[in-house]
Amino acid sequence: MTLNKIKKFLNAQILCKHRDHNCDIKYAKASDLMSDVLAFSQPFSKPEALLITGLTNKHVIRTCEIAGVCAVVFVRGKNPSTETIKLAKDCKIAILTTKLKMFEACGILYSNGIKSSSIKKGK
Amino acid sequence: MQSKTVFQQKYKIKGGDFVNAGESSCKIRNILKEIGIDADIVRRLAIVAYEAEMNVVLYAKHGIMYLFIYPDKILLKIEDKGQGIKNINLAMRPGYSTATEEIREMGFGAGMGLPNIKKNADVFKITSKVGKGTALEIIINLNGKNG
Ligand SMILES: Nc1ncnc2c1ncn2[C@@H]1O[C@H](COP(=O)(O)OP(=O)(O)OP(=O)(O)O)[C@@H](O)[C@H]1O
Ligand SMILES: [Mg+2]
């Protein structure tokens, strides 16, 4: 699913584009805990992965970079700081914001074919 | 027999420094990517470095992360000065965390950091002295995956 489609489904705004604007999102993970995001690193670490979160600080972007996630959706209408946006630009990670709640955003994406990222062993 | 070091670097980590937290791990990730290390290994090493770096930022006064790249493996050492860990077995348990509410609001404190490190490392050693500090040693093998 392209970022533009996700934008439409979630009635979202794109605050920062991915270098490959047509990147095809296949998997998603929803969490507000960074280590939890990193525990689900495959296939979450593939460039087709999206993070859905209610946190908007810089650490979310760093975690996406470490996990190799290409886009993040901020839910509940939260707007990230300019600092967060700048880091996302530097790391080439896309940011979308939606007024939807986490559960609603997940439900919509799930019912439109985005798969859950599952835990796999690290090695 | 110890094989020759191809590359080494050290990174200082300051306790409580949330502005730069994670930067060293991102630098390490970029170095590994640039020299053409297998993507899966880069991902594992980045996760390990990041979790270890964040623990120093969250729980210690200051620390140093050493990166050694050998032809057949990558060695990461993280040594910090700080409060140390009283019960390592407990700290290693998934879900165990002493993070404050403030830390949790930033997105840390799932109690998954050390378990994540162990899961992604081929060799993982942790030693700690209460009131002194903590040291981690992590090896990830390259398995000849990098030609
Ligand atoms: N370098 C360290 N110095 C002192 N205590 C530490 C250090 N690293 C870990 N700990 C202790 O071990 C606990 C578990 O660490 P772990 O990284 O697994 O989880 P966490 O940091 O609490 O949460 P998460 O990593 O999921 O954000 C910590 O809550 C802390 O009490
Ligand atoms: Mg931790």
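A residue counts as near a molecule if one of its heavy atoms lies within 4 Å of it. Residues from chains A and B surround ligand 1, so the site is shared between chains. This is a predicted model, where local features need pLDDT of at least 70, side-chain atom pairs count only at pLDDT 80 or more, and totals for chains, interfaces and linings use all residues. Residues are numbered from 1 along each chain as its sequence is written, chains are lettered from A and ligands numbered from 1 in the order in which they are written, and side-chain values use heavy atoms, with hydrogens and water left out.

The shell around ligand 1 holds 21 residues, and Tyr59(B), Ser97(B), Thr98(B), Gly109(B) and Met112(B) come nearest. The table gives some polar contacts to the ligand (pairs of N or O atoms within 3.5 Å).

| Protein atom | Ligand 1 atom | Distance |
|---|---|---|
| Asp80(B), polar side-chain atom | nitrogen | 2.8 Å |
| Ser97(B), polar side-chain atom | oxygen | 2.5 Å |
| Gly113(B), polar backbone atom | oxygen | 3.1 Å |

On its own, ligand 1 has 590 Å² of accessible area (Shrake-Rupley method, 1.4 Å probe), and the protein covers 96% of that area. In chain B, α2 (39–59) and α5 (113–120) are the elements that give two or more residues to the shell around ligand 1; helices are DSSP runs of H or I with at least four residues, and strands are E runs of at least two.

The largest share of the lining, seven residues, comes from α2(B).

Key: A polar contact is a pair of N or O atoms within 3.5 Å; within protein, one must be able to donate a hydrogen and the other to accept it, and residues adjacent in sequence count only if both atoms are side-chain atoms.
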